[in-house]
Every structure is written in structure tokens, then in C-alpha cells.
Amino acid sequence: MSLFVKACCRVGEPTKALDAFLNPRKHHVGIPSLKGLHYLMINFAIRGDLENMFRSVESAQSCGLKPNSRTYHISIRACVDRGFIRQSVDLLNRALSENLIIERGTFNVVMNGCRVHSMPDDVLQIYDRFVGSGLPENVSTLALVAEANMSKGDFEGAIDILARLVEHFDIPDDLGERFV
């Protein structure tokens, strides 16, 4: 089915691929796979068609496919890109509740979406979940947390985070512009 999905998307007909997910026996194109699902999801996300992106996930689940961390990353990224920040936070929490191993980049995407939409409390709550996951921090992670602390007026917390940044990382020259 992955080849069918890819072919449909390449000719601009992702809804035909979605129909194959919804009715796999009708199209005789094989069993849905996560690879095909992810390709279809990305295609819908690029088009800004989140409704069909989520329909494709639901149809894959009805065929027995279980969403993995990549499935959630694609969904989360699409939501953030369209400004649906609360939904991206909910998706992240759902993925974590399913005990999936979520990558640092997924956490950073959600935290950055919260930052852009002036949700510093959410940035800090997500950071707590990030720390609990045991993943290593990077410059982006710490910069998002420092900025959230500053937005909340917690300048000591921001200074502590910035000190860790300086101690452990090569700091990009333009990073300071975010805090001016």
C-alpha cells in the first residue's frame, strides 16, 4: 500500500490514498503500513488539511496500526504550524501517556509553539515532562525555557538556565537577540 499512497500523493490525489486506507479491500493495494501512513500524513500536513491527516490516522488505527512517536511528531508539527497549540500539547501528553519515546525535537516544537503564542506556563510544564524523559537538553531547549522564565518574571530562573547554556554549549551569536 505504501507505493500506492506515494503514487497518489505524487499526482496530487492524496484523498484517493486516504480512501485506500478507509477501504483497503476495495482497492486491493495491500495492508496499510506506518510508512505509508506517515507519507500520507505529511502530504496532508503540507496542504494544511489537518482534518484528512487525522482521518488517515484514525483509519490506520482501525486497520490495526498503532501510532508511534513519528506519527505523533508529524501530527504535533502540523498542529503547531497551523497555530493549534493546545491540540499539539494534548497530542504530546497523549503520546507520553502511551509510554512512547518522544524525541527532543518533538518537545522543542511544542515548546516553541507555546513560546510564539505567549504560553510560558505551558513551556515550563512541557520542559518538566522533557526533563522527566531523561533526554539531553540542547541550546534550543534551554533558550526556550530561559525565555519562558523571563516572560513570567522569573529572572533568577532565566539566569540559571542561561548559565547552563554558557557552561555546556557553544552559543550562537544571535541567541542574545531573543532576550533583548
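Predicted model: local features only at pLDDT ≥ 70, side-chain atom pairs only at ≥ 80, totals over all residues.
**Stop 1: H2 and H5**

H2 passes H5 in a left-handed crossing. Select residues 14–22 for helix H2 and residues 50–62 for helix H5. Their axes come within 9 Å and cross at roughly 25 degrees. Angles under 35 degrees count as roughly parallel, so H2 is roughly parallel to H5.

Now show side chains. From H2, pick Thr15, Leu18, Phe21 and Leu22. They meet Asn52, Arg55, Ser56, Ser59 and Ala60 in H5. Colour this contact by class: four residues are nonpolar, four are polar and one is charged.

**Stop 2: the whole chain**

Zoom out. The protein has eleven helices and zero strands. Read from the N terminus, the elements run α-α-α-α-α-α-α-α-α-α-α.

**Stop 3: H6 and H7**

Select residues 69–81, which form helix H6, and residues 85–97, which form helix H7. How far apart are their axes? They are 8 Å apart, and the helices pack at an angle of about 165 degrees. Angles over 145 degrees count as roughly antiparallel, and H6 and H7 are therefore roughly antiparallel to each other. Their crossing is left-handed.

- On the H6 side, show Tyr72, Ser75, Ile76, Cys79 and Val80.
- On the H7 side, show Ile85, Gln87, Ser88, Leu91, Leu92, Arg94 and Ala95.

By class, this contact of H6 with H7 has eight nonpolar, three polar and one charged residues. Keep Tyr72 of H6 on screen, along with Leu91 and Arg94 of H7. They are needed at the next stop.

**Stop 4: the largest pocket**

H5, H6 and H7 each supply at least two residues of the lining of the largest pocket. Which residues lie nearest its centre? Select Phe54, Val57, Tyr72, Leu91 and Arg94. Tyr72, Leu91 and Arg94 also take part in the contact of H6 with H7.

**Stop 5: H10 and H11**

Move on to helix H10, residues 139–151, and helix H11, residues 155–168. Look along the pair. The axes come within 7 Å and cross at roughly 165 degrees. That makes H10 roughly antiparallel to H11. H10 passes H11 in a left-handed crossing.

Show the side chains last:

- H10 brings Val139, Leu142, Ala143, Val145, Ala146, Asn149 and Met150 to the contact.
- H11 answers with Phe155, Gly157, Ala158, Ile161, Leu162, Arg164 and Leu165.

How do the residues of this contact divide by class? Eleven are nonpolar, two are polar and one is charged. To pick out the charged one, select Arg164 in H11.

Terms used: Residues numbered from 1 in each chain as written. Heavy atoms only, no water. Axes fitted to C-alpha atoms, helices over the stretch in contact; angles between N-to-C directions. Helix = DSSP H or I, 4+ residues; strand = E, 2+ residues; numbered from the N terminus. Parallel < 35°, antiparallel > 145°, perpendicular 65-115°, else oblique. Left-handed = near helix turned anticlockwise from the far one by under 90°. Contact = heavy atoms within 4.5 Å. 1 Å grid on protein atoms, 1.4 Å probe; cavity = no way out; pocket = protein on both sides within 12 Å on 5 of 7 lines; lining within 4 Å.
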